[in-house]
Amino acid sequence: MGASSVGDRVDSCAVTEDEDLQGRVDELEGRVAQLETVRALERAADDALEVALRDRLPLEATLGLLFPVLLEHTEGFAAAVRTFDEDLALRDFASEGDPLPLPFADVWSVTDRGEPFARSQRGWTVLGQRLDVAGEAFGAAAVAFDGALEGDAAADARELLDVWCEVLDNYLAAIAQARQKLNVIRDFSAALKEPVLDRGIEAAIDVLRDHVRIDDLLLVFRHEEDVENATLHYKIIQGGELTHDSHARDMEVDEFIRTQAPRMLHGQARELLDHLGIDQYREELLINGVREERVVGKLVVTKRSGAFDTFDRDLLERFADYLRQRIVDFNREWKHLSLCFPPATVHRLLSEERYVERYLRPREREVAVMYCDISGFTRISEQVLREPALIGQLVDTWSQRVVDIVWEHGGVFDKMVGDCVIALFGPPFFDFDARTACRRAAEVARAVRDYTRRLSSGAEIPQLEGLEPPLGVATSLHYCALYVGMFGPNEDFTGFGSGMNNAARLQGVAERDEILCMDSFARAYADDSAFGEERSAHVKNVAEPLIFRALR
């Protein structure tokens, strides 16, 4: 082989090496230039976002600052974004000037599957990709270029679009979090619209636990005016499981909770928390009232895996707000119903769906009625008590005990007219027959008569001590058809019908400590020996004489 051939090969290798070196240099210079462009785009996009945050611009105006940054650094001619706005509505936003050369729906159909979009056609190229916030799809972005983009040019453009989207993703994260919070809050609201409070609270707690890691939860609430804990509700979750619930009581635990919970509501004791082994916790007070704040409940939660972050705390506060409002609404219902019904009846009503339609809407039913009036009230007021405050004390003391007696026997307090108490037996559930309704009414009448006599001992009202004749009542009982239910703008529970008028007139016939019963009542009572002889009386505004018998 000649010397010239060897030299040619050496020269050829040298040229190849020089070309490879130059190629690597060009590649590195291109990469450096791309990195500089990336850095410049990042800085410009960050500056635009700072302006937007400083001026509190809405998303549309913010994108109006970001689109020019993208087009300047990618040398594109149009850009568009589909994402959620502040109202969490999915909207399309576009740069000023020329639009994308294809419908955004074409981009969306690909990016919505998590795939990048690329299409070249008739002298243009469009690149698109999904917007991703904390692993959750949050829309898509696209940019259009003149001509066809291939190879490195397409890769560089894709990288710039990706960087711009990353900056936008960080901004959209706040909107995404707001979207998640709003969805959770909507779920709270939907859950607590459940008419049965216990079920609604359980559903709302499930929503909370889906989004906030909770180990222990203690919820205690009651009507702010309930001193006997008749309205006390509680739910206890420990280790992620519901362990105690006032709706399904463990009597031993229930007694302890009913002793300690009211004190805990007012921050006076930690015995309940200590008993449950709750040490580090977050607490939300459920407060009602503006001028005078009243604690109606307390929520205690723990997270043993760490502290609650800002997102957790915000959701807990929102949960407590919605829960407080639902409890206030419940208490309002309870207070209204408790004017007529005993606590056990109110509890049953509020524990059943559509309770108003099922039990309280006006309907015609057979009902036992009692009218009970203090005998000689005018004489006692003018000659014995005299002072208005003492008269008021007598009415309050006597009527409250009479209503309690009515409730103890399953009756309903209809109303009080002057010093006359009117009660109904049968509503609202009509769980017992006519005989039972009448016998309960008779038991109440006797108990009220006995109680009224005892007031003359002076134990409760000293001024009545030694009163002669002793304090007494005149009572009438009737069993009749009434149109009974809630009536009027205040939705008072009462009954209407001629039977009510007859009972009122018969009560006016009764002497002191007499219990007079209409003949229909005596028949329904079904024990003739319990009554005296049949009597009759003509009364005002009643065409036929009243036929009645005295209860022995």
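These legends describe close-up views of a predicted model.

**View 1. Helix H13, residues 434-454.** Helix H13 has 21 residues, and at 1.5 Å a residue these should span 30 Å. The end C-alpha atoms of H13 are 31 Å apart, which agrees with that expectation.

**View 2. The buried residues of H13 and what covers them.** Ala437, Cys438, Ala441, Ala442, Val444, Ala445, Val448, Arg449, Tyr451 and Thr452 are the buried residues of H13. The elements that cover these buried residues include two helices, H12 (388-408) and H15 (519-525). Strands also take part in the cover, including S11 (363-374), S13 (420-425), S14 (473-487) and S16 (515-518).

**View 3. The crossing of H12 and H13.** The axes of these helices come within 10 Å and cross at roughly 150 degrees. Angles over 145 degrees count as roughly antiparallel, and H12 and H13 are therefore roughly antiparallel to each other. The crossing in which H12 passes H13 is right-handed. On the H12 side, the contact is made by Thr397, Trp398, Arg401, Val402, Ile405 and Val406. On the H13 side, Val444, Ala447, Val448, Tyr451 and Thr452 make the contact. By class, the residues of this contact between H12 and H13 are 8 nonpolar, 2 polar and 1 charged.

**View 4. Gln383 in helix H11.** Helix H11 covers residues 377-385 and contains Gln383. Gln383 has a relative accessibility of 48%, so this residue counts as partly exposed. Along the chain, Gln383 and Glu72 are 311 residues apart. The C-alpha atoms of Gln383 and Glu72 are separated by 100 Å.

Notes. Residues numbered from 1 in each chain as written. Predicted model: local features only at pLDDT ≥ 70, side-chain atom pairs only at ≥ 80, totals over all residues. Heavy atoms only, no water. Helix = DSSP H or I, 4+ residues; strand = E, 2+ residues; numbered from the N terminus. Expected span 1.5 Å × (residues − 1). Buried < 20%, exposed > 50% of the residue type's maximum accessible area, 1.4 Å probe, protein only. Contact = heavy atoms within 4.5 Å. Axes fitted to C-alpha atoms, helices over the stretch in contact; angles between N-to-C directions. Parallel < 35°, antiparallel > 145°, perpendicular 65-115°, else oblique. Left-handed = near helix turned anticlockwise from the far one by under 90°. Nonpolar A, V, L, I, M, F, W, Y, C, P; charged D, E, K, R; others polar.
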